[in-house]
Amino acid sequence: MTDSIKVTVRVPATSANLGPGFDTLGLALALYDEVEVGLVDPGGPRSRSVGIEVTGEGAGELDDGEGHLIVRTMRLTFDRMGLPQPRGIRLRCLNRIPHARGLGSSSAAICAGILAARALAGAPYPAVDGPNPAGGQTGPGRPAARPEFTDDDVFALATEIEGHPDNVAPCLAGGLTIAWTDQSNAPHMVKLIPHADIRPVAIIPRHRLSTEVARGLLPKDVPHSDASANAGRAALLVAALTERPERELLLAATEDRLHQNYRAPAMPQSADLVQRLRGLGVPTVVSGAGPTILAFSTVDTQDLIAPEVGTDWHIQPLDVETRGACVVSPETR
């Protein structure tokens, strides 16, 4: 069993919502998962094989076969590109993004799977014998023509798999992103570069919270006044993050009425810490669906965070990742 080709993908953590920008705003953070993907020949024209090695977050916990999110995403991507399925997939995952903490670990895995499959698509690889979705027959080592699978296609498929674009957008593009879907449910995004003085600090608890549980606490309807307040704060937040990163503006701009209070019962410690830090003047929000907290540190608040947080949380200052997910050039073996 030998690798025919390998590719390495690096994907960043992300923080969605950022307070008022529910399901819209996202920020890429300089904390990365790295995935090395190899397409292999396990022997036998119709055999399939998956091998997965995980180091770091999720080691010993994640599915080690076809159910792994990256593998499922890669297979779906090959189908969408009209290419035959590879006989064997090998993954080596170095995971640094905490799982089920609101830092976009699932979006990172999805983006890694799509980008790896696209990068490998033009190489000759051992495919399962049978009908080729693109036409004709597949066979051992038969080269597959690289399809036209654009960055927009990557974003659309990632959004489809994840269910919403607010994490996959900054993961793919980097920086600060504004994402939305049009009337046909097609996703779009705009990328902005945050001001150099923006200093995110992730405050990460030991416990986890699934996105499904957090979303289940949200009401179907909200008061018009709350929606209006969030629209204004979200617009102000874009200005504060890109043009005027002043503490007072960031503090006002990160107020939220649409989701954080409703989700508080599922993460009371996070909700309490957000309120205490905000009471000290630190712009603080729940990261994504939580329970991680994201603070925007400034010169006059940087010394206020650690004493208030204590020892039950991991405090991790992070740079903004401005480039987004990247692929190392495929290496033929």
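This is a predicted model: local features need pLDDT of at least 70, side-chain atom pairs count only at pLDDT 80 or more; totals for chains, interfaces and linings use all residues.
1. Residues are numbered from 1 along each chain as its sequence is written, and side-chain values use heavy atoms, with hydrogens and water left out.

2. The largest pocket has a volume of about 780 Å³, where a pocket is an open set of points on a 1 Å grid over the protein atoms alone, fitting a 1.4 Å probe and having protein on both sides within 12 Å along at least five of seven lines, and the volume is the space filled by probe spheres set on the points, which are joined across faces, edges and corners. Of its 39 lining residues, L69, A100, S105, S106 and S107 are the closest to the centre; a lining residue has an atom within 4 Å of a point.

3. Helix α2 gives the most to that lining, with six residues (helices are DSSP runs of H or I with at least four residues, strands are E runs with at least two, numbered from the N terminus). The lining of the largest pocket comprises 14 nonpolar, 16 polar and nine charged residues (Ala, Val, Leu, Ile, Met, Phe, Trp, Tyr, Cys and Pro are nonpolar, Asp, Glu, Lys and Arg charged, and the others, Gly among them, polar).

4. The second largest pocket holds about 340 Å³ of space, and of its 18 lining residues those closest to the centre are D151, D152, V154, F155 and L172. Its lining divides into 13 nonpolar, one polar and four charged residues, with the largest share, five residues, coming from α3.

5. In α2, 14 of the 16 residues are buried, that is, under 20% relative accessible area with a 1.4 Å probe and protein chains only, while exposed means over 50% and partly exposed in between.

6. The structure holds 18 salt bridges, each a side-chain nitrogen of Lys or Arg within 4 Å of a carboxyl oxygen of Asp or Glu. One of them joins E61 and R208 at 3.1 Å, N to O; because E61 lies in the loop between β3 and α1 and R208 in the loop between β9 and α5, the pair ties together parts 147 residues apart in sequence. E61 counts as exposed at 52% relative accessibility, and R208 as partly exposed at 41%.
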